[in-house]
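Here are some notes for your reading of the model, with attention to its charged side chains and to one pair of helices. Please read them with the structure open beside you.

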Amino acid sequence: MTTSPEAFEARLRQIGAERYHDKHPFHHLLHSGGCTPDQVRAWVINRFYYQASIPMKDAAFMSRVTSPALRRAWRSRIEDHDGTADNEGGIMRWLRLADAVGLDRDYVASTEGVMPATKFAVDAYVRFVRDKTLLEAVAASLTELFAPGIHAARIEGLLAHYDFADDSSLSYFKNRLSEAPKDVAFGLAWVLEHADTDEKQDAAAAALTFKTNVLWAQLDALQAGYVGAGAIPPGAWQPGTHLIPARAAAS
């Protein structure tokens, strides 16, 4: 007998409780003020690749959706990141964060300095959403269930410990506190409705697990490359480079 929607939702939430990247050591370092300026910059550069890929992932998803109602519901996700005439969008807000930490925003936007492991993980997520079933694609987005907590902790931690942090530089996270709940409410309801067999529930749970791995792998790369005696891979951003001139002179 197929698990009830309530029990299945509890199963999905347990995946987040066990596997979401708020538990990664790099996030603990960042939120506690333990990151150096260059470690923060490395995070901003690499996370931008993920942020910039989200609307591409959502466009790939929508290209396969035959239901106008589902496309209408999903469209706002692209607008939230790409922006509209009245909303600068999450990508531009992230570049404002890049400005605040002293990075050349054109360099960040070029994604030239992104670590190979970050690219592999994010590109795998875009392919997953493009190629898997619609149910698996939507289920993979349900890491948003757990995002408000990490955004709130990040805002609090960055404001407490870093000089660059203010309402402008942290506007991406502040906006996601209001944007994400509408997305996750729709996505969760859609998954609970359409995962109506044991096989589909297992596939949806596996998709969410996959997405937590995508997020975790990005932080593994940062930890390995920029913390302690890390080894920065060829082509990835080198500390002290591609800074705003005033910051470069001060470094």
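1. In this predicted model, a network of salt bridges links Arg77, Asp80, Glu144, Arg176, Glu179, Lys182 and Asp183. Across the whole structure, a search finds 17 salt bridges.

2. Helix α10 (residues 171-194) packs with helix α4 (residues 68-82) at an angle of about 160 degrees, and their axes are 11 Å apart. Because angles over 145 degrees count as roughly antiparallel, α4 and α10 are described as roughly antiparallel to each other; the crossing in which α4 passes α10 is left-handed.

3. On the α4 side, the contact is made by Leu70, Ala73, Trp74, Ser76, Arg77, Asp80 and His81, which meet Tyr172, Arg176, Glu179, Lys182, Asp183, Phe186, Gly187 and Trp190 of α10. The residues of this contact comprise six nonpolar, three polar and six charged.

4. Asp131 pairs with Arg130, their closest N and O atoms being 2.9 Å apart; Asp131 is exposed, at a relative accessible area of 52%, while Arg130 is partly exposed, at 40%. Asp167 and Lys174 also meet through their side chains in a salt bridge, at 3.7 Å from N to O; here Asp167 counts as exposed at 55% relative accessibility, and Lys174 is partly exposed with a relative accessible area of 31%.

Technical notes
Residues are numbered from 1 along each chain as its sequence is written. This is a predicted model: local features need pLDDT of at least 70, side-chain atom pairs count only at pLDDT 80 or more; totals for chains, interfaces and linings use all residues. Side-chain values use heavy atoms; hydrogens and water are left out. Axes are lines fitted to C-alpha atoms, for helices over the stretch in contact, and angles run from 0 to 180 degrees between N-to-C directions. Helices (H or I, at least four residues) and strands (E, at least two) are DSSP runs, numbered from the N terminus. Angles under 35 degrees count as roughly parallel, over 145 as roughly antiparallel, 65 to 115 as roughly perpendicular and the rest as oblique. A crossing is left-handed if the near helix is turned anticlockwise from the far one by less than a right angle, and right-handed if clockwise. Contact means heavy atoms within 4.5 Å. Ala, Val, Leu, Ile, Met, Phe, Trp, Tyr, Cys and Pro count as nonpolar, Asp, Glu, Lys and Arg as charged, and the others, Gly among them, as polar. A salt bridge is a side-chain nitrogen of Lys or Arg within 4 Å of a carboxyl oxygen of Asp or Glu. Buried means under 20% relative accessible area, exposed over 50%, partly exposed in between (1.4 Å probe, protein chains only).
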